[in-house]
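Please look at the sequence and the structure below before reading on.

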Amino acid sequence: MTQVSVHSWCNGQIKSREEGAPSVASISFHLGTGVFDGIMAYWNRDHYYLHRAEEHLSRFRRGAACMGLVFDWSVDDLLAGILDLLKHEPSGTQYIRPIAFRGGPELWVTGSEGRPVDVTIFTVRTEEHRDLDQPIRCELSPIERISSRSIPRQIKVSGAYVNSFFARKTAEKSGFDDGLMFDREGHLTEASAANVFLIVGERLITPRLKADVFPGITRLVFLELASRCGIETQEAELERSDLAGIDGAFVCSTLMEIRAVSALGECLVPTLESPVYKSLVSAFRSLTHQS
């Protein structure tokens, strides 16, 4: 059960959570035109460590602007709002969700520009390393990764995540935990809502960034950590045949952090035995649990 915060930061003020919600007749609600992001606030004994907060909030503002959701709150304003919000909730590791939308009643597809843009931030309490040490099984999904020629895929537009929903639900119906999606050309893109890395020997390989691959901040973090650990990395166009005979795989995102993959389809993958994987888990947790 999701433990959502009692309070929210809404347009510069701390309010009860639902006061920051849109109208039932909001265009953002009906068409999925809101833009969101996600940030982890790790509770480290007696203080919070906000992981890459400025980068997430900058991406949030850029993404909102791409959808015409321009607002005046700066990154510093949003960060101050998050810190204020956290003071109103019980201490503990939290997932922070900022979202921008047009909350007023307006259903015309191109008639909502006159409505003000709303920004709400709420949090979700998470259990540290909640099952994060348990590997997941991934289906090679029959759901195609939606093209950036259809919906912008470099930003977190709410409606685009219907694609993620169907990939995850399809995988679960087949007895898997998640699905790895491929694009129209047959290239590996990502899991339903996480970037993917393959381990081949002592090398780390991940899909090359392009319009249909989301430029995850956590993805970048693992490329940086691999460099510090002396692990060779490669970004490449990967096909289904490249998944055969690998030594490991993992997915990563803000909320999932890093999750080992134990099976790709019917093929078992010994990720938990990989020194590369163990090094990256250790490096990531040292980073997020810093003083």
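The report covers the chain as a whole and then one of its strands.

## Overall form

The model is a predicted one. Six helices and 17 strands make up the secondary structure of the chain. The radius of gyration is 19 Å, close to the 19 Å given by the globule rule for 291 residues, so the chain is as compact as a globular protein of that length. Along the principal axes, the C-alpha atoms fill a box of roughly 55 × 45 × 30 Å.

Among contacts with a separation of 6 or more, 70% are between residues 24 or more positions apart.

## Surface and charge

Buried residues account for 51% of the 291 in the chain. The accessible surface is about 13500 Å², and 53% of that surface belongs to carbon and sulfur atoms.

The chain has 31 positive and 38 negative charges, whose mean positions lie 2 Å apart.

## Strand 15

Strand 15 spans residues 248–253, and six of its six residues are buried. In a regular strand, side chains alternate between the two faces of the sheet. In strand 15, G248, F250 and C252 point one way, while A249, V251 and S253 point the other way.

## Neighbours of strand 15

Strand 12 (residues 195–200) pairs with strand 15 in the antiparallel sense over five bridges. One of the bridge pairs is L198 with A249 of strand 15.

Strand 16 (residues 257–264) also runs antiparallel to strand 15, and four bridges join the two. V251 has R259 in strand 16 as its bridge partner. Strands 15 and 16 form a hairpin, with three residues between them.

Terms used:
Residues are numbered from 1 along each chain as its sequence is written. This is a predicted model: local features need pLDDT of at least 70, side-chain atom pairs count only at pLDDT 80 or more; totals for chains, interfaces and linings use all residues. Side-chain values use heavy atoms; hydrogens and water are left out. The radius of gyration is taken over C-alpha atoms; the globule rule is 2.2 Å times the number of residues to the power 0.38. Buried means under 20% relative accessible area, exposed over 50%, partly exposed in between (1.4 Å probe, protein chains only). Contact means heavy atoms within 4.5 Å. Accessible areas come from the Shrake-Rupley method with a 1.4 Å probe; for residues, only the protein chains shown count as cover. Lys and Arg count as positive and Asp and Glu as negative; His and the chain ends are not counted. The place of a charge is taken as NZ of Lys, CZ of Arg, CG of Asp or CD of Glu. Two strands pair if DSSP finds at least two bridges between them.
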